[in-house]
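Morning, everyone. I have one structure to walk through today. Please have a look at it on the screen first.

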Amino acid sequence: MPELPEVETFRRYLLQGESGSPSILGKQIQDAELLWDNTLASPTPGEFKDRIQGQFVTGIGRRGKNLLIHLSRDTLIVHLRMSGELIVEEKTNPLGKHYRVILNFTDQYRFAFNNIRKFGRVWLIEDPDQVIGNLGPEPLADDFTPELFHQILQNRSRQLKYFLLDQEMIAGMGNIYTDEALFRAKLHPVTKTDTLNSTEAHQLWLSVREVLQEGIQNQGSSIDWMYKGGDYQKYLSVYNLEGKPCKRCKTPIKRIKIGQRSTHFCPTCQPLPE
Ligand SMILES: [Zn+2]
């Protein structure tokens, strides 16, 4: 599943463009095509097409795992969920088989949301807070301080794995970066949030930021069968590495289930809390 670094990679692609795909900033939308109506969470297909027509792309942002395409009047929010790709290309290219939403610009380019598994969702909304208002702090933001993080940890008594995956506690983490951050901080995934002292909280805060930043620097991880842009999977320490020797101590990495989620950790470096 695309997490913060993978969504951030798409944001930069849409903003900066790359060879053959220009930035979409400043482009005007001529019309929209919906090839799978259920991709649209809000509004209705008819209203979506009417409203989006003629709007300009004024900015491209991200909040947690949500991509925000700011338009003249509304915001288009894209959540990739399990998999998905955002493509900018010439309108003369043949349409991909799994394109769900297309925005045709007034020039020769279009934007396409390619989504094989159909779980991705799109909102066209005036007030983005209606969709993203409940998200927890943005982990790479300047105002996300170690003190704030420690405070949020203290206010609850939950296993760290659950806590980090909860988008209302901290936005943008998924299975990959959660397991990697806990390994780096040397914390067992079932450790309770309110048992961390300020040194451990600070270490976890730093680990979360480091793994996300390294993920972004490598254009994300190509683990899902859909997302193939990045390189960060080469540098992972525990995720998907069950049975492989720990980079620090050579103990085989263990995989357990916490709730429904696969969890990877080193039983020596990340001992079970007493
Ligand atoms: Zn180890």
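A term before the tour: by a donor I mean an N, O or S atom within 2.8 Å of the metal. This is a predicted model, so keep that in mind throughout.

Start at the zinc ion. Which residues supply its protein donors? They are Cys 246, Cys 249, Cys 266 and Cys 269, each through SG. They lie 2.2 to 2.3 Å from the zinc ion. Along the chain, the spacing of these donors reads C-x2-C-x16-C-x2-C. The angles between the four donor atoms run from 101 to 113 degrees, which makes the arrangement tetrahedral. For reference, the ideal angle for four tetrahedral donors is 109.5 degrees. Cys 266 and Cys 269 are both buried.

Next, Ser 237. Where does Ser 237 sit? In the loop between helix H7, 198-217, and strand S10, 254-258. Is Ser 237 buried or exposed? Buried: the relative accessible area is 12%, and the cut-off is under 20%. Leaving aside neighbours within four places in sequence, Ser 237 is in contact with Glu 180, Phe 183, Lys 247 and Ile 253.

Now the sheet. Five strands form an open sheet, in the order S2-S9-S5-S4-S3, with mixed pairing. S2, 40-42, and S3, 57-63, stand at the edges with a single partner strand each, so one side of each has no neighbour in the sheet. On average, neighbouring strands here are turned by 20 degrees against each other, ignoring direction.

Go strand by strand. S2 pairs with S9, residues 121-125, in the parallel sense over two bridges. There, Ser 42 has Trp 123 of S9 as its bridge partner.

Arg 63 has Asn 66 in S4 as its bridge partner. The hairpin of S3 and S4 has two residues between the strands, and Gly 64 takes a positive phi near 60 degrees.

S4 also pairs with S5, antiparallel, over five bridges. Three residues make the hairpin link from S4 to S5. Asn 66 stands opposite His 79 in S5. S4 is mostly covered, with five of its six residues buried.

H1, residues 4-16, lies across S3 and S4, and runs at about 170 degrees to S3. H2, residues 45-52, lies across S2, S4, S5 and S9, at about 55 degrees to S9.

That's the tour. Over to you.

Technical notes
Residues are numbered from 1 along each chain as its sequence is written. This is a predicted model: local features need pLDDT of at least 70, side-chain atom pairs count only at pLDDT 80 or more; totals for chains, interfaces and linings use all residues. Side-chain values use heavy atoms; hydrogens and water are left out. Two strands pair if DSSP finds at least two bridges between them. Helices (H or I, at least four residues) and strands (E, at least two) are DSSP runs, numbered from the N terminus. Axes are lines fitted to C-alpha atoms, for helices over the stretch in contact, and angles run from 0 to 180 degrees between N-to-C directions. Contact means heavy atoms within 4.5 Å. Buried means under 20% relative accessible area, exposed over 50%, partly exposed in between (1.4 Å probe, protein chains only). Donors are N, O and S atoms within 2.8 Å of the metal (3.2 Å for Na, K and Ca); water is not among the atoms, so sites may look incomplete. Four donors count as tetrahedral if all angles lie between 85 and 135 degrees; four count as square planar and six as octahedral if opposite donors are over 155 degrees apart and all others between 65 and 115; anything else is irregular.
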